[in-house]
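Please consult the sequence and the structure shown here alongside the text.

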Amino acid sequence: MRCSILIDGVRKTYAAPGKNRTALTLRAALRSSREETADPQSIHAVDGISLAVHEGERVGIIGRNGAGKSTLLHMLAGLIPPDEGTIEVSGKVHAVLTLGMVLREEATGRENILLDAAIQDSSMSEAMAQKVIEFAELGDFIDRPVHVYSSGMKARLAFAMISFIQPEILVIDEVLSVGDFHFSTKATQRMREL
């Protein structure tokens with residue numbers, strides 16, 4: 001199967017309070033009259049994007065905060081639908097949009113690795129699981145529940161877990177900034193290898 005992504009005329013619009021209005025609390029919204037509530041303005045998070053990505057290509061999306069990068073990636077991953085346009089994906093997408101979101105707090109680091117492999121339809125060998133453990137550099141904490149981990153330790157574990165998958169299409173949103181300088185450099189190198 002040849003993998004590809006075709007995005008044609010994709011738009012995503014969100015409603016926001018008018019320029020001179022602040023967001024209302026639920027209580028304030030319920031107490032205000034219809035006349036006091038201004039019509040929301042439209043924010044075009046993604047406005048008419050067309051793009052084709054073919055097998056073997058890598059694409060980076062660069063822009064200022066609020067430019068719609070994450071919104072586009074969420075649509076590509078199938079998490080939110082576009083308001084207009086089409087997105088056609090040939091191949092299995094693995095999206096890493098929020099690092100650590102898949103971790104089960106009561107499970108150990110090792111159990112999280114094996115659970116994630118099972119969810120991803122991966123028959124991870126013990127040798128591969130050991131590579132993930134070594135990459136994460138968590139020492140004895142790998143056999144402790146994740147809820148005792150620091151946020152940096154959780155980020156290391158989550159990144160290590162995604163860095164040993166074999167996806168057809170990999171969508172990544174801002175995960176290379178994890179951890180300290182040493183681990184961030186190591187993470188960047190691992191992404192180059194993938």
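The sections below treat the overall fold, the last helix, its packing and the nonpolar cores.

## Overall fold

The model is predicted. Its protein chain contains six helices and five strands, arranged along the sequence in the pattern β-α-β-α-β-β-α-α-α-β-α.

Of the 194 residues of the chain, 32% count as buried. When contacts between residues at least 6 apart in sequence are considered, 72% of them join residues at least 24 apart.

## Helix H6

Helix H6 comprises 13 residues, 181-193. The distance from its first C-alpha to its last is 19 Å, close to the 18 Å expected at 1.5 Å a residue.

Which residues of H6 are buried? They are Phe183, Ser184, Lys186, Ala187, Arg190 and Met191. These residues lie on the same side of H6, because the arc they cover around the axis is only 160°. The spacing of such a face follows from helix geometry: an α-helix has 3.6 residues a turn, so residues three or four places apart point the same way. On the other side of H6, Phe181, Arg192 and Glu193 are exposed.

Two packed helices are described by the angle between their axes and the distance between the axes. For H4 and H6, the angle is about 145° and the axes are 11 Å apart. On the H4 side, the contact involves Glu134, Phe135 and Ala136; on the H6 side, it involves Phe183, Lys186, Ala187 and Arg190. By class, the residues of this contact comprise four nonpolar, no polar and three charged.

In soluble globular proteins, nonpolar side chains tend to be buried together. In this model, the largest nonpolar core has 23 residues, and Ile113, Leu138, Leu157 and Phe159 have the most contacts inside it. Helices H4, H5 and H6 each supply at least two residues of this core, and H5 gives the most, with seven residues.

Beyond its neighbours within four places in sequence, Ile113 is in contact with Met124, Ala129, Val132, Ile133, Ile142, Leu157 and Met161.

Note on methods:
Residues numbered from 1 in each chain as written. Predicted model: local features only at pLDDT ≥ 70, side-chain atom pairs only at ≥ 80, totals over all residues. Heavy atoms only, no water. Helix = DSSP H or I, 4+ residues; strand = E, 2+ residues; numbered from the N terminus. Expected span 1.5 Å × (residues − 1). Buried < 20%, exposed > 50% of the residue type's maximum accessible area, 1.4 Å probe, protein only. Arc of directions from axis to C-beta. Core = buried A, V, L, I, M, F, W, Y, C linked by side-chain atoms within 4.5 Å. Contact = heavy atoms within 4.5 Å. Axes fitted to C-alpha atoms, helices over the stretch in contact; angles between N-to-C directions. Nonpolar A, V, L, I, M, F, W, Y, C, P; charged D, E, K, R; others polar.
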